[in-house]
Amino acid sequence: MFTKKRKYRVILATAALLFVGTSGGAALSVNAASKDTKLPCAEMFQDNQGTLIVKNLKTDHVYVCNPERSRQRFTPESSFKVPNALIGLEEGAVIDEYDVKRWDGIVRPFESWNRDHSLASALRASAIWYYQAMARDIGEVRMKSNIERIHYGNMDISGGIDTFWLDSSLKISAEEQINFMEDLVEETLPFQEQTMKTVKRMMIDNDQDAYTVHGKTGTRLSDMGLGWYVGYVERGKTDWVFATNVDSSGTTAKTVTLKALKSLGIM
């Protein structure tokens, strides 16, 4: 649920929110600043089932495709690299974003994984082995304590210290991803300020003159049947947080998200 500062801003009649899932072929409609904005959910998702949330942190306006699914929990997959990086830095499992781990020589499916990586480069390449090694260094006790401190999803790491976020026990909804991302943007998570600034810098995905997109994808590699894209956009003095998941890959989730951001005039 969106609680306290995270509640949906709903003003009946003058700023009505019409929630319709992707299966209905319609969109969330918001009357904002005397202008009707429609998010073309069916067009963006096409044949993929999924959900998307975009929230303006200045006005608290929330745009949603498929609100029922937005409250459903799924495994975070590699979108968990964001909290994993925060915890690793905070607990000293890595020194900084440039901390390098040597490739173990095991050839993995993606060529970009098969080399030495730093914390930052492993996030950009989504090199799972680096973050698994860091999770083992953090250990179950410290990992669980930190996940509980930030109330990340169902907080269940019983699936194994280096696999619990990968099609396993840890699950989180798009709503909860939005809450987490909002706290990261506003630097209200229970971590040092420098830790949060470092991870936000690592997440930069597209840096333009008018805006900067910070984001992280995630894909369930076992069947390519779940994809995430979570993050936020800096545009002037306004930040927009977003979370998307689809019954496809992280690449698809990212494509859907970018279409939504363009539709809303954020990009």
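Visitor: Which residues of H7 are buried?
Guide: The model is predicted: local features need pLDDT of at least 70, side-chain atom pairs count only at pLDDT 80 or more, and totals for chains, interfaces and linings use all residues. Residues are numbered from 1 along each chain as its sequence is written, and side-chain values use heavy atoms, leaving out hydrogens and water. Buried means under 20% relative accessible area, exposed over 50%, and partly exposed in between (1.4 Å probe, protein chains only). The buried residues of H7 are Ala174, Glu175, Glu176, Gln177, Ile178, Asn179, Phe180, Met181, Glu182, Asp183, Leu184 and Val185.

Visitor: What is the distance between the end C-alpha atoms of helix H7?
Guide: Helices (H or I, at least four residues) and strands (E, at least two) are DSSP runs, numbered from the N terminus. The expected span of a helix is 1.5 Å times one less than its number of residues. With 12 residues (174–185), H7 should span 16 Å, and this agrees with the distance between its end C-alpha atoms, 16 Å.

Visitor: Which elements do the buried residues of H7 pack against?
Guide: Because 12 of the 12 residues of H7 are buried, the helix is largely enclosed by the rest of the structure. Contact here means heavy atoms within 4.5 Å. The packing partners are strand E3 (50–56), helix H2 (67–70), helix H3 (81–90), helix H8 (193–202), strand E9 (227–235) and strand E10 (238–246).

Visitor: How many residues apart in sequence are the parts tied together by Lys55 and Glu182?
Guide: The two side chains meet in a salt bridge at 3.1 Å, N to O; the term requires a side-chain nitrogen of Lys or Arg within 4 Å of a carboxyl oxygen of Asp or Glu. Lys55 counts as buried because its relative accessibility is 0%, and Glu182 counts as buried at 2%. Lys55 lies in strand E3 and Glu182 in helix H7, so the separation of the parts they tie together is 127 residues.

Visitor: Where does Asp162, the partner of Arg136, lie?
Guide: Arg136 and Asp162 form a salt bridge, with their closest N and O atoms 2.8 Å apart. Arg136 counts as partly exposed at 45% relative accessibility, as does Asp162 at 21%. The pair is 26 residues apart and links distant parts of the chain: Arg136 is in helix H5 (residues 128–138), and Asp162 is in the loop between helix H6 (140–149) and H7.
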